Amino acid sequence: MKIRLQRAAFPVSILLVFAACASAFLSHTASAVTKTEYIKLDDISMYVEQRGSGEPIIFLHGGMGSANSWPDQVEFFSKNYRVITPDSRGQARTSDSKAPLTYHLMAEDTVHLMDKLNIPSAYIVGWSDGGNIGIDMAIHHPERVKKLVAYGANINPAGLQKPFLDYLRTVTPEKMQRDNGREYLALSPTPEHLPVMAEKIRVMWLAEPNFSAADLAKITSPTLIMDGQQEELIRPDHAKEIAALIPSAKLVMLPNVGHYGTFKTPKQWNDAVANFLKAN
């Protein structure tokens with residue numbers, strides 16, 4: 001239990017540090033150039049990276065993460081797709097606003113980003129918080145979601161494991177910042193804003209998402225729900241619950257890995273997603 005609680009204390013950020021380092025391995029050759037830019041979206045300025053060409057895939061990172069969360073996925077999928085990796089609202093290089101942080105607000109940000117990039121619909125691939133954002137998009141904007149992949153997502157706070165919930169309820173502000181702020185401090189132009197963002201994230205994780213069975217039944221986009229069989233933060237049976245509530249959703253549970261399959265077993269993760277995207 002102590003080991004599990006220690007893992008829970010680093011909900012997404014601990015391996016994102018490794019991702020930031022791993023992103024340095026992405027080559028910037030003439031055939032594989034990563035375009036970076038800031039795009040104005042209403043009350044925020046969103047940092048976005050793009051690489052490759054073809055049908056668009058938007059990869060949405062986990063809480064307090066960044067576009068750097070996807071080094072293996074960008075390298076793999078940009079060979080055949082236009083890969084778009086934004087920093088979510090208030091995280092990493094994207095600015096914050098005075099509004100409370102919610103999954104629905106971040107989903108609307110993603111739709112607005114698609115408008116700015118002239119993308120009518122895209123494959124939406126989310127990990128952890130990114131998966132929750134993708135689910136919200138599929139509920140409220142089905143025409144924008146060509147296919148949905150959600151890995152390590154949850155549909156309500158009860159989907160979190162008890163040690164992680166206990167951590168969120170009792171953690172001090174200082175520890176919350178230490179545990180979850182490394183990526184933010186490394187990338188944000190406003191590192192002094194970390195206390196505000198860490199508290200916004202903690203409050204959101206305790207209160208959201210709250211997708212009902214009726215909400216999930218509305219999803220018409222082909223959907224793949226994924227998780228690892230050794231999931232550390234989400235209840236082991238929760239992915240099955242989610243898949244059962246989404247019409248015709250496919251469920252894939254990766255063996256020998258947990259919440260961090262994008263990093264620890266990238267080949268099996270990428271292959272599972274690629275096979276789903278290619279399937280009719």
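Arg169 and Asp166 pair up in a salt bridge, with their closest N and O atoms 3.7 Å apart; the term means a side-chain nitrogen of Lys or Arg within 4 Å of a carboxyl oxygen of Asp or Glu. The model you are looking at is predicted, so local features need pLDDT of at least 70 and side-chain atom pairs count only at pLDDT 80 or more, while totals for chains, interfaces and linings use all residues. Residues are numbered from 1 along each chain as its sequence is written, and side-chain values use heavy atoms, with hydrogens and water left out.

**The pair within helix H6**

- Both Arg169 and Asp166 sit in helix H6 (residues 162-170), 3 residues apart, which is about one turn of the helix. Helices (H or I, at least four residues) and strands (E, at least two) are DSSP runs, numbered from the N terminus.
- Arg169 is exposed at 55% relative accessible area, whereas Asp166 is partly exposed at 27%. Here buried means under 20% relative accessible area, exposed over 50%, and partly exposed in between (1.4 Å probe, protein chains only).
- Elsewhere, salt bridges with shared partners connect Asp43, Arg89 and Asp109 into one network.

- The whole structure holds 15 salt bridges.
- One of them joins the side chains of Glu75 and Arg51 at 3.3 Å, N to O. This pair links distant parts of the chain, with Glu75 in helix H3 (residues 71-77) and Arg51 in strand E2 (residues 44-51), 24 residues apart.
- Glu75 is partly exposed at 32% relative accessibility, but Arg51 is buried at 3%.
- Asp96 and Lys200 also form a salt bridge through their side chains, at 2.9 Å, N to O. They lie 104 residues apart, Asp96 in the loop between strand E4 (82-86) and helix H4 (103-116), and Lys200 in helix H9.
- Asp96 counts as buried at 19% relative accessibility, and Lys200 counts as buried at 14%.

**Helix H7 against helix H9**

- Helix H7 (residues 173-180) packs with helix H9 (residues 194-207) at an angle of about 95 degrees, their axes being 9 Å apart. That makes H7 roughly perpendicular to H9, a label for angles of 65 to 115 degrees (under 35 is roughly parallel, over 145 roughly antiparallel, and the rest oblique).
- Axes are lines fitted to C-alpha atoms, for helices over the stretch in contact, and angles run from 0 to 180 degrees between N-to-C directions.
- Met176, Gln177 and Asn180 of H7 meet Leu194, Pro195, Ala198, Ile201, Arg202 and Trp205 of H9, where contact means heavy atoms within 4.5 Å.
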